[in-house]
Amino acid sequence: MAQVRRRARGAIAPAACVQAIRAAATLPYSQGMRRERELMDTLFNSGQARAMQHCFFSQRSVGRWSTPSGMRWDNSRPRPVHKAAVVGLGTMGRGIVVSFARAGIPVLGVEMDAKQLEVARKTVTATLERDAQRRGVEPPLGLVRFTVGLQDLREVDLVIEAVFEDMALKKRVFRELSSACRPDTLLCSNTSSLDLDQLAATTSRPELVVGMHFFAPAHVMKLLEVIYGPRSSPTAVATAMQLGKRLGKVSVAVGNCPGFVGNRMLKHYVEQANFLLEEGASPEQVDQALEEFGFPMGVFRMSDLSGLDVGWRVRKESGLTGPGVAPGEQVRRRQGRRRQAVAGTCTTGLGGREAKPDPWLRSFLEEYRSRHGLRARTVSQQEVLERCLYALVNEGFRILEDGIAAGPEDIDVIYVLGYGWPPHRGGPMFHAVAVGLPTVLERLEHYHQAHPRHPTAPAQPPPAEAGRQGQPAHPEVEGDHQECPQSALRPPDHYHSSP
Ligand SMILES: CCCCCCC[C@H](O)CC(=O)SCCNC(=O)CCNC(=O)[C@H](O)C(C)(C)COP(=O)([O-])OP(=O)([O-])OC[C@H]1O[C@@H](n2cnc3c(N)ncnc32)[C@H](O)[C@@H]1OP(=O)([O-])[O-]
Ligand SMILES: NC(=O)c1ccc[n+]([C@@H]2O[C@H](COP(=O)([O-])OP(=O)(O)OC[C@H]3O[C@@H](n4cnc5c(N)ncnc54)[C@H](O)[C@@H]3O)[C@@H](O)[C@H]2O)c1
């Protein structure tokens, strides 16, 4: 039972199953049946059942996507994708190649670096073989080809670019793709945060450019964020949405802004976690609170595996690096740490299976606090959860206000399937309603006043009943948006807050 409870991370159904089986094995038949009925009644009437039902119906509703410009799932025709290419075979590119092969779609993996190509070939082959063995089928190795350079791209219907998060590099790659591919080939980017419209502008077919944002590890996580810009055509959006489904993902269509939906919210979550380190919390304490809440891994363990370098490149592209920034930055630079090597925070084991406190980091944080005149204080588990999670929720309301997500269900699906938000808590927007929107607002205001550096000026949540069908509410927003670093992230000629 202890093992089941640990794995369930707060979900009550798995433990109830064990109790029901125990009752069946140890009690007379009628008593066992009665006990099972009691357990079922408890589960049916629990908030967790409502949260899981919300997840189920939300996943169905995001499939019926529509965009503010009038594109809809039922009036936009997707194109067939017979053959695809993935450019850049690092952490993400490899997982995307595996997803294509597993779905039976021939795929060409393209690298610029021959060494990386060999590493990718080995990883993709091993993953496909392991996966096929588990499913008792032949590995689809014949569907995958690898090459250095863009010369073989005329035969593909769709390309997904997954090179480093660097706007200048991505623009160059899109320009090259535009001449290397047929004029009707869709050009997609797996960028975590960059402006899709700028990439589209470098090509001969801006209407065929969309974002296809996979989540790490790309062959495991079920989410695909499909990002449309003002020039993306209904065909391009419909093709990416349907392709996601063929790849075994749940596709959610979102508008174009820095970080889109998932990473725009993640930024506030990570930022609070870093502020908590400055104020006296340890990385393992922050992670533990989040894992007890139900995440498979806390924010620091997740950052280690996704790549501290990726987070750094995202911040660099947003102009958010340099002296005087939160400790995560110095940690990355000082150690030159990369994913799955030694973690930048609290993980020392490989592969995310083992997390141990890192003595170097402990002394680094002490030295960092004393250098900046910060006195460490005791941070409670409640504060960790409220600051990290409510900052994330708060940005979710801003996203609804900007019309970047179609409704709160879309945000909940993104968080449950893309970032491991526990399904028995329904997703961040559902959770905020379950806690009570006035309470969330009161706590945000409290932290905003208690910590002048707390950057999150609370947004005014829309009424709880605002939903997809009714279209998101567009509430008045309290607080000064200039205080919110999000505004600083948006250069004047960049990103459209209303697509
Ligand atoms: C500051 C942050 C900056 C990020 C910026 C970019 C963000 C990006 O745009 C969006 C994201 O993807 S956000 C990220 C959203 N993603 C998440 O939040 C995912 C969090 N992780 C999970 O939910 C669970 O680990 C899984 C459900 C993936 C698997 O669970 P399970 O079955 O119990 O098994 P397991 O033992 O746990 O891991 C199995 C294998 O997966 C591997 N791996 C794991 N996470 C990884 C990651 N993030 N990445 C890469 N790899 C990751 C792990 O290393 C291991 O590899 P091995 O070679 O076989 O040793
Ligand atoms: N790591 C994550 O968690 C994650 C999640 C979602 C999205 N992303 C995004 O996916 C993209 C790739 O990230 P990653 O973590 O896989 O990076 P990575 O550093 O692991 O891999 C990038 C790969 O691109 C290759 N490359 C660079 N320039 C190239 C070119 N001109 N032609 C062909 N290949 C080239 C590099 O050799 C390298 O193998 C980034 O835009 C990142 O923001 C990352």
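User: How do the residues of the shell around ligand 2 divide into nonpolar, polar and charged?

Analyst: The classes go by residue type: Ala, Val, Leu, Ile, Met, Phe, Trp, Tyr, Cys and Pro are nonpolar, Asp, Glu, Lys and Arg are charged, and the others, Gly among them, are polar. In this shell, twelve residues are nonpolar, nine polar and four charged. The model is predicted, with local features needing pLDDT of at least 70 and side-chain atom pairs counting only at pLDDT 80 or more, while totals for chains, interfaces and linings use all residues. Residues are numbered from 1 along each chain as its sequence is written, chains are lettered from A and ligands numbered from 1 in the order in which they are written, and side-chain values use heavy atoms, without hydrogens and water.

User: Which residues are the closest to ligand 2?

Analyst: A residue is near a molecule if one of its heavy atoms lies within 4 Å of it. Ligand 2 is surrounded by 25 residues, the closest being Glu111, Gln116, Glu165, Lys170 and Ser192.

User: Which helices and strand each supply at least two residues of that shell?

Analyst: Helices (H or I, at least four residues) and strands (E, at least two) are DSSP runs, numbered from the N terminus. Helix H5 (91-102), helix H7 (167-180) and strand E6 (209-214) each supply at least two residues. H7 gives the largest share, three residues.

User: What is 2.5 Å from an oxygen atom of ligand 2, and what is 2.7 Å from one?

Analyst: A polar contact is a pair of N or O atoms within 3.5 Å; within protein, one must be able to donate a hydrogen and the other to accept it, and residues adjacent in sequence count only if both atoms are side-chain atoms. An N or O atom in the side chain of Glu111 is 2.5 Å from a ligand 2 oxygen. For Lys170, the distance from a side-chain N or O atom to a ligand oxygen is 2.7 Å. The protein covers 94% of the 840 Å² of accessible area that ligand 2 has on its own (Shrake-Rupley method, 1.4 Å probe; for residues, only the protein chains shown count as cover).

User: How many salt bridges does a search of the whole structure find?

Analyst: A salt bridge is a side-chain nitrogen of Lys or Arg within 4 Å of a carboxyl oxygen of Asp or Glu. The search finds 27. One of them joins Lys170 and Glu165 at 3.8 Å, N to O.

User: Are Lys170 and Glu165 buried or exposed?

Analyst: Buried means under 20% relative accessible area, exposed over 50%, and partly exposed in between (1.4 Å probe, protein chains only). Both Lys170 and Glu165 are buried. By contrast, Arg182 and Asp184, whose side chains form a salt bridge at 3.0 Å, N to O, are partly exposed: Arg182 has 22% relative accessibility and Asp184 36%.

User: Which helices hold Asp402 and Arg264?

Analyst: These two form a salt bridge, with the closest N and O atoms 2.9 Å apart. The pair links distant parts of the chain, 138 residues apart: Asp402 is in helix H16 (residues 381-402) and Arg264 in helix H10 (residues 262-279). Asp402 is buried at 14% relative accessible area, as is Arg264 at 2%.
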